[in-house]
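Visitor: Could you walk me through this protein and show me what stands behind each label you use?

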Amino acid sequence: MGTVLELDKENSGLELDSGADVDALTAEILRPVAERDRHLLMCVESSRGRVCKAEISGVRSSFMYVRKHRGPDGLLRYRAAHLPTAYEMRAEERDVHKAMKDFLARTAQTAGLEVLVEKASKFRASRPDVTIVGAGGVSLGCEAQFYNASPGTVLRRSRAHAEAALTANWVTHDDRFHLIDRANWMLINKVTWREIADAADLPLVGGYRILVEWRCTASADRRCPEGGLKEKTGCGKVHMQWDTPQRSSDEGTGWTSFMGNGKRVTVGQTLIGAATGGVAPLFLPSRKDKRYGSHLWVPAKDWKRWAEYREVEPPAFEEAAEPDDEVHFSGRDADTTCQFGEKTWQPSAPLKKRGIDSVELTITVDPDRSPIGVSVPVQRTSEPSLPTRMTAPSIPLPTRGICEIGSPRCGQPGRLYPGGWRCEQHRPGAVSA
C-alpha cells in the first residue's frame with residue numbers, strides 16, 4: 001500500500017473513505033510471519049530510503065511484525081518490532097528444558113512405554129519435544145515450556161498434535177503462562193535443571209483433578225453448593241465436584257498406584273496413567289462459549305462417571321477472547337524514526353494466574369433419576385413383592401446343673417465352667433473314652 005500505519009490510532013490511522021478494508025488489513029498484519037509475506041511490513045526509515053538502526057546492528061532486519069503488548073497500566077496496545085521473531089532461550093531455560101525432556105523420556109521408558117524424542121509425527125504435522133506412545137491409553141505429545149509462548153503458538157501446536165492423534169501435554173512451572181487451559185497441562189514447582197535430573201519423580205501441583213461425590217446431608221463434611229451462605233448442608237441431593245486431590249485426601253477420596261495418590265500426585269504417575277488408560281484428558285467447556293474452557297487430567301473412572309451426566313466433547317483449540325483484551329488506542333501521531341536499540345521499552349503488566357474459570361465444576365443430580373444414556377429396567381409383576389422376614393431357629397435355653405453338650409443334650413449332672421454347664425466327661429480338658 002505504500003502507506004504508514006499508525007498503530008496508536010483506530011483503524012491504523014487509515015481514512016475509512018480510502019477504500020481500504022481495515023478489518024482485513026488488521027487481521028493480515030497480526031498473522032504469524034510464517035503464514036504471510038515476510039516483506040509485508042517495513043520500518044518507516046528503510047521505506048524512505050534511509051538505513052534503519054536494526055539493519056545496521058546486523059542482528060535484526062528492516063522488516064517488522066505487529067504484536068499485542070500490555071503496558072504497565074494494564075491496557076493492551078498494538079506495537080511493532082523488528083524481525084526475526086524467534087525467541088532465544090536463556091542458558092538457564094535451555095538447561096531446564098533439556099532436563100525436563102530427559103525426565104519425561106526416562107519416566108516413560110522405565111514403565112516400558114515407547115518414547116520418541118524430537119521426532120516428527122507420521123505426516124510431519126507435529127514435532128513434540130517428547131512423544132509417549134499409548135499402551136491402552138492416549139498417546140502424548142509432551143512440550144517442556146519454560147518461557148511464555150504466545151497463545152497462537154500454543155493453540156497451533158496443540159492443534160497439530162491433535163491432528164497427529166496425539167494429546168498435547170504442556171509441562172511448565174508458571175501458572176500465568178498462556179498455555180494454561182489452552183490444552184492439557186501439568187504444573188510443577190520452580191526447580192533447577194539439576195533437581196529435575198536427579199528426581200525419581202516430580203510433584204504435580206496443577207492440571208489434575210478428581211471427582212468428589214457426596215450426598216448432601218446434615219452431617220456432610222462439605223457445604224451444599226446450592227445452599228448459599230446461610231444453608232451449609234442438608235438438601236438431600238447428590239453433588240459431584242472436580243476438586244484437587246490434596247483437599248480431598250482427608251475424606252478418603254485419594255487414589256493409588258499409577259492412578260496417583262491423593263496426598264502426593266506426581267508427574268510420572270499421571271504420564272504413565274494417561275498412556276496406560278488409568279488417567280484421561282477432560283475438556284470442560286465454558287458456560288459462555290462452548291469452544292473454550294478448561295483442560296484437566298482426571299482418573300478414567302471419574303471421567304466415565306462425569307460422562308454419565310454431561311456430554312464430553314473434544315476441544316477445538318481456538319483462541320478465546322479474554323474479557324479485558326480490548327485494544328486501547330491513545331490517538332497519538334506516529335513517530336516515523338527508527339527506535340531500535342533505544343530505551344523505550346516498558347515492562348508489561350503482571351500476568352494474571354490462569355486456570356479454572358467460568359466452567360462447570362459442580363453438578364447436582366437427583367439420586368432417583370437415571371443418568372443420561374442409561375436405562376434402568378423396571379420389574380413388572382401382578383402384585384408387589386413383599387420382603388421375606390428372616391427368623392432365628394428355636395434354641396432351648398440351658399438348664400441349671402445339667403450338662404448341655406450334644407444334641408440331644410447329655411443330661412448328666414454338671415458344674416458351671418466358662419464354656420457353660422459340663423459333666424465330668426465333657427468338662428474342659430477331660431479325655432473322652
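Visitor: Which strands do the buried residues of H1 pack against?

Guide: The buried residues of H1 pack against strand E1 (64-70) and strand E2 (76-82). Before we go on, a word on the model: it is predicted, so local features need pLDDT of at least 70 and side-chain atom pairs count only at pLDDT 80 or more, while totals for chains, interfaces and linings use all residues. Residues are numbered from 1 along each chain as its sequence is written, and side-chain values use heavy atoms, with hydrogens and water left out.

Visitor: What makes a run of residues a helix or a strand here?

Guide: Helices (H or I, at least four residues) and strands (E, at least two) are DSSP runs, numbered from the N terminus. The protein chain has nine helices and 14 strands.

Visitor: Which residues of H1 are buried, and why do they line one face of the helix?

Guide: H1 covers residues 22-29, and its buried residues are Val22, Leu25, Thr26 and Ile29. Looking down the axis of H1, these buried residues fall within an arc of 100°, so they line one face of the helix. The arc is taken from the directions that run from the helix axis to the C-beta atoms. Buried means under 20% relative accessible area, with exposed over 50% and partly exposed in between (1.4 Å probe, protein chains only). In the protein chain, buried residues make up 37% of the 433 residues.

Visitor: Why is E2 called largely enclosed?

Guide: Five of the seven residues of E2 are buried, so the rest of the structure largely encloses this strand.

Visitor: How do you know that E1 and E2 pair?

Guide: Two strands pair if DSSP finds at least two bridges between them. E1 and E2 have seven bridges, in the antiparallel sense, so they meet that definition. Tyr65 stands opposite Ala81 in E2. The two strands form a hairpin with five residues between them, and Gly74 in the turn has a positive phi of about 85°.

Visitor: What makes Trp242 and Trp306 a tilted pair?

Guide: Rings of Phe, Tyr and Trp (its six-membered ring) pair if their centres lie within 6.5 Å; planes under 30 degrees apart count as stacked, over 60 as edge-to-face and the rest as tilted. A search of the whole structure finds one aromatic pair. The ring centres of Trp242 and Trp306 are 5.4 Å apart and their planes stand at 50°, so the pair is tilted. It links distant parts of the chain, with Trp242 in strand E9 and Trp306 in helix H9 (residues 300-307), 64 residues apart.

Visitor: Why is Trp242 called buried?

Guide: Trp242 has a relative accessible area of 1%, so it is buried. Trp306 is buried as well, with a relative accessible area of 3%.

Visitor: How is strand E9 joined to E12?

Guide: Four bridges join E9 (residues 238-243) to E12, and the two run antiparallel. Gln241 stands opposite Thr362 in E12. These strands belong to an open sheet of three strands in the order E8-E9-E12, with antiparallel pairing.

Visitor: What makes E8 and E12 the edge strands of that sheet?

Guide: Strand E8 (210-215) and strand E12 (362-365) each pair on one side only.

Visitor: Which residues does Thr131 touch?

Guide: Contact means heavy atoms within 4.5 Å. Not counting residues up to four places away in sequence, Thr131 touches Glu114, Val115, Leu116, Lys119, Leu140 and Leu166. Thr131 lies in strand E4 (residues 130-132) and is buried, with a relative accessible area of 7%.

Visitor: In what order do the strands of the five-strand sheet run?

Guide: The order is E3-E4-E5-E6-E7, in an open sheet with mixed pairing. Within it, five bridges join strand E5 (residues 140-144) to strand E6 (residues 167-172), which run parallel. The bridge partner of Ala144 in E6 is Val171.
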